[in-house]
Amino acid sequence: MDHKALALEMRGLREQVSGITDTAVAAADGLLIAADAASGIDPEGLAALAAAALGLARRTTQATARGALRGTVAYGTEGCAAFYAVGDTALMVVLGDEGVDVDGLHQATRPALDRIGSILAAKAPEGV
């Protein structure tokens with residue numbers, strides 16, 4: 001996996017959408033793959049919580065025949081946490097402050113998720 005490309009995607013999303021404060025990519029089981037997070041955030045804990053939230057949302061969409069889950073958002077008084085599926089094996093969590101444009105976030109995230117999925121699926125060159 002190209003960790004540099006993954007970091008660039010995460011940083012690019014944060015720079016593209018005003019209000020994004022932190023991002024992380026994790027395996028569907030909650031193991032952290034990469035994080036671009038502030039010092040006050042525990043990336044490993046965030047990855048585990050995101051996996052649990054996305055798992056529950058995925059089961060809810062299946063039980064209600066809403067199709068394949070794309071993502072879910074939890075809103076708090078100081079911002080939001082958006083959880084996105086990256087295929088069936090990974091997820092991305094994006095934290096935003098209270099000023100984040102959630103519609104803009106969703107639009108910017110869709111192509112980034114495709115690129116992140118490709119990065120995660122790519123095999124590392126031999127000898128690396």
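Helix α2 spans residues 43-63, and its 21 residues reach 30 Å from first to last C-alpha, close to the 30 Å expected at 1.5 Å a residue (1.5 Å times one less than the number of residues). Helices here are DSSP runs of H or I with at least four residues, strands are runs of E with at least two, and both are numbered from the N terminus.

A word on the model: it is predicted, with local features needing pLDDT of at least 70 and side-chain atom pairs counting only at pLDDT 80 or more, while totals for chains, interfaces and linings use all residues. Residues are numbered from 1 along each chain as its sequence is written, and side-chain values use heavy atoms, leaving out hydrogens and water.

| Face of α2 | Residues |
|---|---|
| Buried | Leu46, Ala47, Ala50, Ala51, Leu54, Ala57, Thr61 |
| Turned away, exposed | Leu49, Ala52, Leu56, Arg59, Ala63 |

Now to the largest nonpolar core, which has 21 residues. Such a core is a set of buried Ala, Val, Leu, Ile, Met, Phe, Trp, Tyr and Cys residues joined through side-chain atoms within 4.5 Å. Its largest share, six residues, comes from α3.

Notes:
Buried means under 20% relative accessible area, exposed over 50%, partly exposed in between (1.4 Å probe, protein chains only).
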